Amino acid sequence: MKNSVVIKGNKYGITVILDPEIPFENLKEAVAEKFRESTKFFGNARMAASFEGRKLTKEEEMEILNVISDNSDFRIICVVDADKEKEEIFKKSLDARLNELSTQSGQFYKGTLRSGQVLEAENSIVILGDVNPGAKIISKGNVIVLGTLKGTIFAGASGNESAFVVALEMSPMQIRIGDVVARSNDPKSKKVKKEAKIAFVDEGYIYVEPLNRDAIKYLG
């Protein structure tokens with residue numbers, strides 16, 4: 001069943017190509033195996049998805065989505081019809097869903113925060129862009145930066161030390177989570193590896209670790 005499921009991605013979503021011949025129950029097992037293997041790559045990303053290669057009923061599509069959810073941290077927030085697979089369609093579908101989510105339990109900000117700008121949020125916030133040196137984010141919840149973080153971050157501003165900060169490139173001037181503060185070394189003193197990282201509080205200290213399962217376990 002190794003080739004029964006193929007995942008192809010673009011910057012806004014994934015296309016899951018399904019074997020049209022194998023029994024549906026076997027197909028679900030193949031999907032589970034593929035997403036378990038890919039979970040480190042996808043992490044807990046939120047993306048649009050489309051299914052190709054096999055015509056699915058609405059019930060079958062929902063079963064496949066449940067299998068993906070049960071076997072990875074990956075979140076499919078909208079499904080795009082297979083004949084609308086162009087990247088621009090993914091982008092529009094994803095943007096629409098993010099806007100919908102932003103009116104619920106969190107907030108989204110699109111664009112780069114520049115020096116002198118301050119962004120405050122009552123809930124968790126996702127930044128779809130960079131946070132430049134001199135910019136500041138204050139959130140009572142978590143802060144997720146889908147870009148480069150070089151400014152100042154204050155997560156858990158209501159005193160919540162279980163909050164966390166995630167960035168695709170983590171090089172902040174200062175991070176504060178609850179009442180715990182950490183300042184970076186001189187960014188010019190060494191090159192910082194470009195990888196997704198998470199900052200969290202453990203036993204009174206802020207730790208910055210690569211974003212993987214070992215780090216995520218501290219967030220319970």
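This tour visits the salt bridges and then the nonpolar cores of a predicted model.

Residues are numbered from 1 along each chain as its sequence is written, and side-chain values use heavy atoms, with hydrogens and water left out. Because the model is predicted, local features need pLDDT of at least 70 and side-chain atom pairs count only at pLDDT 80 or more, while totals for chains, interfaces and linings use all residues.

**Stop 1: salt bridges**

The whole structure holds four salt bridges. The term means a side-chain nitrogen of Lys or Arg within 4 Å of a carboxyl oxygen of Asp or Glu.

Select Glu25 and Lys28. Their side chains form a salt bridge, 3.4 Å from N to O. Both residues sit in helix 1 (residues 24–42), three residues apart, about one turn of the helix. Helices here are DSSP runs (H or I, at least four residues), and strands are runs of E (at least two), numbered from the N terminus.

Colour by accessibility. Buried is under 20% relative accessible area, exposed is over 50%, and partly exposed is in between (1.4 Å probe, protein chains only). Glu25 is partly exposed at 48%. Lys28 is buried at 17%.

The Glu63 side chain meets Lys28 in a salt bridge of 2.7 Å, N to O. Glu63 belongs to helix 2 (residues 58–70) and Lys28 to helix 1, so this pair ties together parts 35 residues apart in sequence. Glu63 is partly exposed, at 30%. Keep the selection: Glu25, Lys28 and Glu63 are linked in a network of salt bridges.

Now jump to Asp179 and Arg176. They form a salt bridge too, with the closest N and O atoms 3.5 Å apart. Asp179 is exposed at 58%, and Arg176 is partly exposed at 28%.

**Stop 2: nonpolar cores**

A nonpolar core is a set of buried Ala, Val, Leu, Ile, Met, Phe, Trp, Tyr and Cys residues joined through side-chain atoms within 4.5 Å. The largest one has 23 residues. Select Val131, Ile137, Val143, Leu149, Val165 and Ile177, which have the most contacts inside it. Show the strands next. Those that each supply at least two residues of this core include strand 9 (143–149), strand 11 (164–170) and strand 12 (174–177).

Centre on Ile137. Which residues does Ile137 touch, not counting residues up to four places away in sequence? Contact means heavy atoms within 4.5 Å. The list is Leu113, Leu119, Ile125, Ile127, Val131, Val143, Thr152, Ile153 and Phe154.
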